[in-house]
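Me: I'd like to learn how to read a few features off a model. Could you walk me through them, general idea first and then the case at hand?

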Amino acid sequence: MNHISDLTPEGIQNADKDGDIPQPIRHGDCAPDCPECGGIGYVRYEVSVGHPKFGKVERCCYAQSRSIAAYLRSGTIDPRIGLTADEVRNLNWNLVRKGVNQADQACVTTRKAFEEGHGLVFLYGGFGQGKSLILKIAVATAVRAGKRAAYANLAGVLDDIRSAYDERENKMTELVRRMEWWTSQDVLAIDELDKVGQTDWAKERIFQLMDLPCS
Ligand SMILES: Nc1ncnc2c1ncn2[C@@H]1O[C@H](COP(=O)(O)OP(=O)(O)OP(=O)(O)O)[C@@H](O)[C@H]1O
Ligand SMILES: [Mg+2]
Ligand SMILES: [Zn+2]
């Protein structure tokens with residue numbers, strides 16, 4: 001009589017000719033000995049009904065950092081994303097401390113728009129108020145979730161767009177292509193808006209970036 005494992009797809013595909021114990025096919029993308037998920041890459045919490053995590057499946061934190069690391073290592077990360085590998089890995093909403101300044105309120109508003117998936121948030125405030133921190137967190141969180149996102153100073157964005165004119169050929173196509181890269185992001189965080197001269201050209205690009213009608 002055949003053992004049941006000889007009949008399962010795992011048994012058929014992995015049965016060794018020499019009769020060694022067949023290795024199960026690996027499912028998931030985490031380490032096979034991961035203490036959190038056992039290799040599946042996802043975790044489910046044993047919590048009671050009513051708990052916010054009840055019935056939810058979440059990405060294993062180790063699997064997540066593995067896939068981000070692979071993504072960053074692969075060299076496909078676009079420098080225009082504007083964050084270091086460490087920032088992409090580590091920045092999260094919990095880093096904003098409450099009661100230090102108004103960053104926690106700004107964080108609530110920004111996070112709400114982020115989670116709703118649409119909207120425009122304008123952060124205005126004195127130096128060291130955590131504005132840049134919040135912008136970077138939004139972008140890092142989005143990148144980890146597989147969204148297209150970028151953090152940049154306005155001057156950097158405008159330089160990238162302006163350098164389209166340096167192309168020998170197809171300047172206009174290149175200009176449109178570059179503009180599109182910035183406007184097609186799921187999350188676009190533009191910092192230091194006040195550091196850029198208000199030329200007509202810059203104003204027009206800013207309006208385009210913000211998707212506001214030009215007047
Ligand atoms: N509420 C906070 N919780 C944790 N870290 C904070 C908070 N507020 C500020 N920081 C930290 O203080 C430093 C300055 O903050 P940040 O650069 O985000 O300020 P900013 O509002 O962008 O200032 P600027 O207008 O000068 O650009 C950063 O290292 C940031 O991480
Ligand atoms: Mg700043
Ligand atoms: Zn895992």
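Reply: Let's start with contact, which means heavy atoms within 4.5 Å. Before we use that, some ground rules: this is a predicted model, where local features need pLDDT of at least 70, side-chain atom pairs count only at pLDDT 80 or more, and totals for chains, interfaces and linings use all residues. Residues are numbered from 1 along each chain as its sequence is written, chains are lettered from A and ligands numbered from 1 in the order in which they are written, and side-chain values use heavy atoms, with hydrogens and water left out.

Me: Which residues does Thr 141 touch, not counting residues up to four places away in sequence?

Reply: Thr 141 touches Leu 91, Trp 93 and Phe 114.

Me: Is Thr 141 buried or exposed?

Reply: Buried means under 20% relative accessible area, exposed over 50%, and partly exposed in between, with a 1.4 Å probe and protein chains only. Thr 141 has 16% relative accessibility, so it counts as buried. Across the protein, buried residues make up 29% of the 215 residues.

Me: What is the overall layout of helices and strands?

Reply: There are nine helices and four strands, and along the sequence they run α-α-β-β-α-α-α-α-β-α-α-β-α.

Me: How do I read a helix pair, and what do helix 5 and helix 6 do?

Reply: Two packed helices are described by the angle between their axes and the distance between the axes. Axes are lines fitted to C-alpha atoms, for helices over the stretch in contact, and angles run from 0 to 180 degrees between N-to-C directions. Here the axes of helix 5 (residues 103–116) and helix 6 (residues 131–144) come within 10 Å and cross at roughly 30°. Angles under 35 degrees count as roughly parallel, over 145 as roughly antiparallel, 65 to 115 as roughly perpendicular and the rest as oblique, so helix 5 and helix 6 are roughly parallel. On the helix 5 side, the contact uses Ala 103, Ala 106, Cys 107, Thr 110 and Phe 114, and on the helix 6 side Ile 134, Ala 138, Thr 141 and Ala 142.

Me: And where does the other pair, helix 7 and helix 8, stand?

Reply: The axes of helix 7 (residues 154–162) and helix 8 (residues 171–183) come within 8 Å and cross at roughly 150°, which means helix 7 is roughly antiparallel to helix 8. Val 157, Asp 160 and Ile 161 of helix 7 meet Leu 175, Arg 178, Met 179 and Trp 182 of helix 8.

Me: Which value does phi take at Asn 170?

Reply: Asn 170 has a positive phi of about 50° although it is not a glycine. Asn 170 sits in the loop between helix 7 and helix 8, and its 54% relative accessibility makes it exposed. Glu 192, also not a glycine, has a positive phi near 55°. Glu 192 lies in the loop between strand 4 (187–191) and helix 9 (200–209) and is partly exposed at 31%. Leaving aside neighbours within four places in sequence, Glu 192 is in contact with Asn 153 and Leu 154.

Me: How many disulfides are there?

Reply: A disulfide is a pair of cysteine sulfur atoms within 2.5 Å, and a search of the whole structure finds zero. As for burial, Cys 30 has a relative accessible area of 0% and Cys 107 has 8%, so Cys 30 and Cys 107 are both buried.

Note on methods
Helix = DSSP H or I, 4+ residues; strand = E, 2+ residues; numbered from the N terminus.
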